[in-house]
Amino acid sequence: MNKAETLFQRDTAVLSDVMKLRFYPLAVETAEGAIVTGFDGKKYLDFNAGWGVANLGYRHPRILDVVSRQMNKLPFLSTISMINEESVVLAEQLINLTPGNFEKKVWYGHSGSDANEFIAKILPIATGRPRILSFVGSYHGQTMGSYAISGHPAQSKFISGGNVTKVPYPYCYRCAFDKEEATCDQFCIKYIEDYILKFVSVPDQIAAIVVEAIQCDGGDVVPPDGFLKGLETICRKHGICLILDEVKIGFGRTGMFFGFEHWDIVPDLVVMGKPLGAGQPLSAVVGRKEIMDACVSCHLFTTAGNPMACAVAQESIKIISEESLVKKASDNGMYLKDSLKELAKKHDAIGDVRGKGLLVGVELVNDPYSKIPADEMAALVAYRSHELGLLYYYAGVFNNVLELTPPLIITKDQAKTAVEIIDQSIQDVLDGKVPREKIAAFAGWG
């Protein structure tokens, strides 16, 4: 038995299944750039980037330098009780990066979950309105409040928040209202205005509408033009806070610094996480001062916003700008998406290819006409790709979307290699070369 197999057995023995979301038996020893290396010495092209956390790839020299310098200066301080320059400077940067001609403040946490917990917990207090409106297919986190505002099937087994109303997100490939995008005239917005706000949850009871500019874990679903602007119009009309969850797609991934910038809207609050800390546990909420100061000491964590994480985040923002990573994400993402659309002409199993920048989803179907979700095929294809040296996971409300979120530093050649491996993986699965038994131990999303 080799070291990787031994480590897999040890992991199985001591780590709780509650914290696992495994798609294949990969034990990683080192990582550099967009390449991770297993204990057997095999190298893999990483098109997951730790669920989008490793925006800059692994072991970026400037990040390593900041970590070293900060470790020798001030490795830790509890920002909730003492002031440090790193947390203040980063907050100033984040305020300047977000749109809106109003006073803002910043809250720090560790992850997207506790940042969205802020929304669930603080918005009813700040506004005096008890209800929140969110969307089917959304994934906002794993804490009590964040999963209450989520609408992902992986969360549906838990008791949800009684104050949350969930409405369909515009998943145009699988419209909940059986409409056609070209002729529906933004029916999903009309549904909120004409039904939800009149008969389910009256506007003066709604504190916030919480939305992802692009639903990632829900299947990399890109809304039609006009949807987010429609939500903004509703919010301004009724005094409802518009909250954009940018935890996974912010910081350049979509070819804009924030995903919502594709649609020219101004949120009241922006939720940030994953790539913000470039590998350090860090999240943030940036928004209107009156909301951020709604109460004192009511949502705080001892290690949140510590100087190490904040110093790394500052450098990450500089790197994104100085290395033109937003433009690279746009250019390489367009190449990746176009190449996958060409691949769809070869494989009927590819029902849809969608995304923006380096956030691309490939929806697999058993039949292109009925659009029956091919969830087992997605698991087999992802597993086979890992065997061939490409890493990504599958997502979506039907577990049938191959999700590609590589580091923003990837090259066009690496994107080309990824498409070639996906092509071979789909063909191998269709040819019956990947037995179902291989994925039996890996539930993925369950």
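Visitor: In which sense do strand β2 and strand β3 pair, and what makes them a pair?

Guide: This is a predicted model. In it, β2 (residues 35–38) and β3 (residues 43–46) pair in the antiparallel sense over three bridges. Two strands count as paired if there are at least two bridges between them, so three bridges are enough. Thr37 stands opposite Lys43 in β3. The hairpin of β2 and β3 has four residues between the strands, and Gly41 takes a positive phi near 90 degrees there.

Visitor: How do you know that β3 pairs with β14?

Guide: Two bridges join β3 to β14 (residues 390–391), and the two strands run parallel. The cut-off is at least two bridges, so this counts as a pair. The bridge partner of Asp46 in β14 is Leu391.

Visitor: Why is Gln314 called buried?

Guide: Gln314 has 14% relative accessibility. Buried means under 20%, so Gln314 counts as buried. Gln314 lies in helix α10. Leaving aside neighbours within four places in sequence, Gln314 is in contact with Glu86, Val89, Leu90 and Gln93.

Visitor: Which residues have the most contacts inside the largest nonpolar core?

Guide: They are Leu94, Phe135, Leu231, Leu340 and Leu364, in a core of 111 residues. Helix α10 (residues 307–322) gives the most to this core, with nine residues. Apart from it lies another core, of 21 residues, among them Ala115, Ile119, Ile122 and Leu123.

Visitor: What does Phe135 touch?

Guide: Not counting residues up to four places away in sequence, the residues touched by Phe135 include Val167, Tyr169, Ile192, Ile209, Phe227 and Leu231. Contact requires heavy atoms within 4.5 Å, so each of these residues meets that limit with Phe135.

Visitor: What makes β4 and β6 edge strands?

Guide: Each of them, β4 (104–109) and β6 (164–168), pairs on one side only. The open sheet has seven strands in the order β4-β10-β9-β8-β7-β5-β6, and the pairing is mixed. From one strand to the next the twist averages 20 degrees. Within the sheet, β8 (residues 241–245) and β9 (residues 269–272) pair in the parallel sense over three bridges. Asp245 stands opposite Val271 in β9.

Visitor: Which strands does helix α4 lie across?

Guide: Helix α4 (residues 85–97) lies across β4, β9 and β10 (283–288). The helix runs at about 125 degrees to β4.

Visitor: Which element supplies the largest share of the lining of the second largest pocket?

Guide: That is β4, with four residues. The elements that each supply at least two residues of this lining are α4, β4, α5 (112–127) and α9 (289–292). About 700 Å³ of space lies in this pocket. It is lined by 26 residues, and the closest to its centre are Thr79, Ile80, Val106, Trp107 and Tyr108.

Visitor: How many cavities of 30 Å³ or more does the structure hold, and what lines the largest cavity?

Guide: There are two cavities of 30 Å³ or more. The largest cavity has a volume of about 150 Å³. Of the 16 residues that line the largest cavity, Pro170, Cys172, Cys175, Cys184 and Cys188 lie nearest its centre.

Note on methods
Residues are numbered from 1 along each chain as its sequence is written. This is a predicted model: local features need pLDDT of at least 70, side-chain atom pairs count only at pLDDT 80 or more; totals for chains, interfaces and linings use all residues. Side-chain values use heavy atoms; hydrogens and water are left out. A nonpolar core is a set of buried Ala, Val, Leu, Ile, Met, Phe, Trp, Tyr and Cys residues joined through side-chain atoms within 4.5 Å. Buried means under 20% relative accessible area, exposed over 50%, partly exposed in between (1.4 Å probe, protein chains only). Axes are lines fitted to C-alpha atoms, for helices over the stretch in contact, and angles run from 0 to 180 degrees between N-to-C directions. On a 1 Å grid over the protein atoms alone, a cavity is a set of points where a 1.4 Å probe fits but cannot get out, and a pocket is an open set with protein on both sides within 12 Å along at least five of seven lines; lining residues have an atom within 4 Å of a point. Grid points are joined across faces, edges and corners, and a volume is the space filled by probe spheres set on the points.
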